[in-house]
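Subject: Structure for you to look through

Hello,

Here is the structure I said I would pass on. Please open it beside this message, and the notes after it will take you through what was found.

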Amino acid sequence: MISKTDLSGEWLLCLDGQAALSHDQLEYNDSIILPSTTSFSRKGAANTACEAGFLTDEYKFEGNAWFSKTFSFKKTPGSCRLFLERTRITTVYVNGKNAGSQDSLIAPHIYEVGDLLKDGENTVEIHVSNIGYKTAGGHMTSQDTQTNWNGIVGEISLRCFRETYASDLKVSSDIENTAFRISADICGQPEGSVSVRIEGIHGND
């Protein structure tokens with residue numbers, strides 16, 4: 001990785017509930033500081049319920065939340081990925097173009113956006129939905145663990161790589177032969193040499 005751009009901070013906000021506005025119908029009429037949840041940021045209608053035995057969102061919001069941020073960026077050759085840590089179902093637009101959707105509740109959402117970025121001013125829009133999950137529930141959405149929050153509560157960044165880089169790095173051990181195997185996908189140039197540096201720490205216990 002040659003650079004990382006932190007996108008945390010103030011974002012424009014549009015709450016859509018369950019109406020599912022299309023991208024060209026959006027009106028950003030509010031703002032929010034990310035990382036955060038809509039409930040923690042007191043967005044949406046106040047929740048007057050007081051659950052017994054469960055967590056209660058002070059501002060319960062279930063539906064579609066849109067977040068938009070415009071920023072200056074120096075485009076470099078190679079791969080650039082939008083990294084979203086701990087969120088719900090997401091769809092990403094970069095400079096008005098759809099970069100795809102992801103729905104994992106257990107892993108970061110990572111979007112390849114290098115071809116959509118440009119030198120100078122760029123706009124990233126992130127649609128986050130906490131309805132329509134493939135699963136019926138679970139620890140990530142239940143009231144007695146995390147509640148069905150909406151937002152992005154982890155790292156939000158652009159991670160840029162050189163034209164040739166390693167992806168999906170894996171290390172597997174072979175205990176019987178006191179060895180290990182390193183594997184990775186090399187993206188970019190079809191030929192070349194790779195060097196690996198290993199540092200080990202051996203404790204007394």
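In which strand is histidine 109 found? Histidine 109 is in strand E9. Before more on that residue, please keep in mind that this is a predicted model.

The chain as a whole

The protein chain has 14 strands and 0 helices. Of its 205 residues, 35% count as buried. Among the contacts in the chain with a separation of 6 or more, 66% are between residues 24 or more positions apart.

Histidine 109

Histidine 109 has a relative accessibility of 0%, so it counts as buried. Its side chain is joined to the side chain of threonine 90 by a polar contact of 2.7 Å. Leaving aside residues up to four places away in sequence, histidine 109 touches a list of residues that includes Leu82, Phe83, Leu84, Arg88 and Gln102. Threonine 90 is also one of the residues that histidine 109 touches.

Strand E6 and its partners

Which strands are joined to E6 by bridges? One is E12, which covers residues 156-160; 5 bridges join E6 to E12, and the two run antiparallel. In this pairing, arginine 81 stands opposite arginine 159 of E12. Another is E9, covering residues 109-112, with 4 bridges to E6 and again an antiparallel run. Here phenylalanine 83 stands opposite isoleucine 110 of E9.

The cavity

How many cavities of 30 Å³ or more does a search of the whole structure find? The search finds 1. The volume of the largest cavity is about 40 Å³. Its lining consists of Phe73, Lys75, Thr76, Pro77, Gly78, Ser79, Cys80, Gly114, Leu117, Cys160 and Phe161. By type, the lining residues divide into 6 nonpolar, 4 polar and 1 charged.

Serine 31 is in strand E3, which covers residues 30-34. Is serine 31 buried or partly exposed? It counts as partly exposed because its relative accessibility is 25%, and buried means under 20%. Its side chain makes a polar contact of 3.4 Å with the side chain of glutamate 10. Glu10 is also among the residues that serine 31 touches, together with Trp11, Leu12, Leu13 and Lys43, when residues up to four places away in sequence are not counted. Serine 31 and serine 41 are 10 residues apart along the chain, and their C-alpha atoms are separated by 9.7 Å.

Serine 8 lies in the loop between strand E1 (3-6) and strand E2 (9-17). With a relative accessible area of 31%, serine 8 is partly exposed. Its side chain makes a polar contact of 2.9 Å with the side chain of aspartate 6. Not counting residues up to four places away in sequence, serine 8 touches Leu34, Pro35, Lys69 and Ile156. Lysine 69 is 61 residues from serine 8 along the chain, while the C-alpha atoms of the two are separated by 9.5 Å.

Backbone points to check

Most residues other than glycine have a negative phi, and most peptide bonds are trans.

- The peptide bond from leucine 34 to proline 35 is cis, with omega near 5°. Proline 35 lies in the loop between E3 and strand E4 (36-37).
- Arginine 86 is not a glycine, yet its phi is positive, near 60°. This residue is in the loop between E6 and strand E7 (89-94). Arginine 86 has a relative accessible area of 40%, so it is partly exposed.
- Threonine 147 also has a positive phi, of about 65°, although it is not a glycine. Threonine 147 is in the loop between strand E10 (120-129) and strand E11 (151-152). Its relative accessible area is 6%, so threonine 147 is buried.

Regards

Note on methods: Residues are numbered from 1 along each chain as its sequence is written. This is a predicted model: local features need pLDDT of at least 70, side-chain atom pairs count only at pLDDT 80 or more; totals for chains, interfaces and linings use all residues. Side-chain values use heavy atoms; hydrogens and water are left out. On a 1 Å grid over the protein atoms alone, a cavity is a set of points where a 1.4 Å probe fits but cannot get out, and a pocket is an open set with protein on both sides within 12 Å along at least five of seven lines; lining residues have an atom within 4 Å of a point. Grid points are joined across faces, edges and corners, and a volume is the space filled by probe spheres set on the points. Ala, Val, Leu, Ile, Met, Phe, Trp, Tyr, Cys and Pro count as nonpolar, Asp, Glu, Lys and Arg as charged, and the others, Gly among them, as polar. Two strands pair if DSSP finds at least two bridges between them. Buried means under 20% relative accessible area, exposed over 50%, partly exposed in between (1.4 Å probe, protein chains only). A polar contact is a pair of N or O atoms within 3.5 Å; within protein, one must be able to donate a hydrogen and the other to accept it, and residues adjacent in sequence count only if both atoms are side-chain atoms. Contact means heavy atoms within 4.5 Å.
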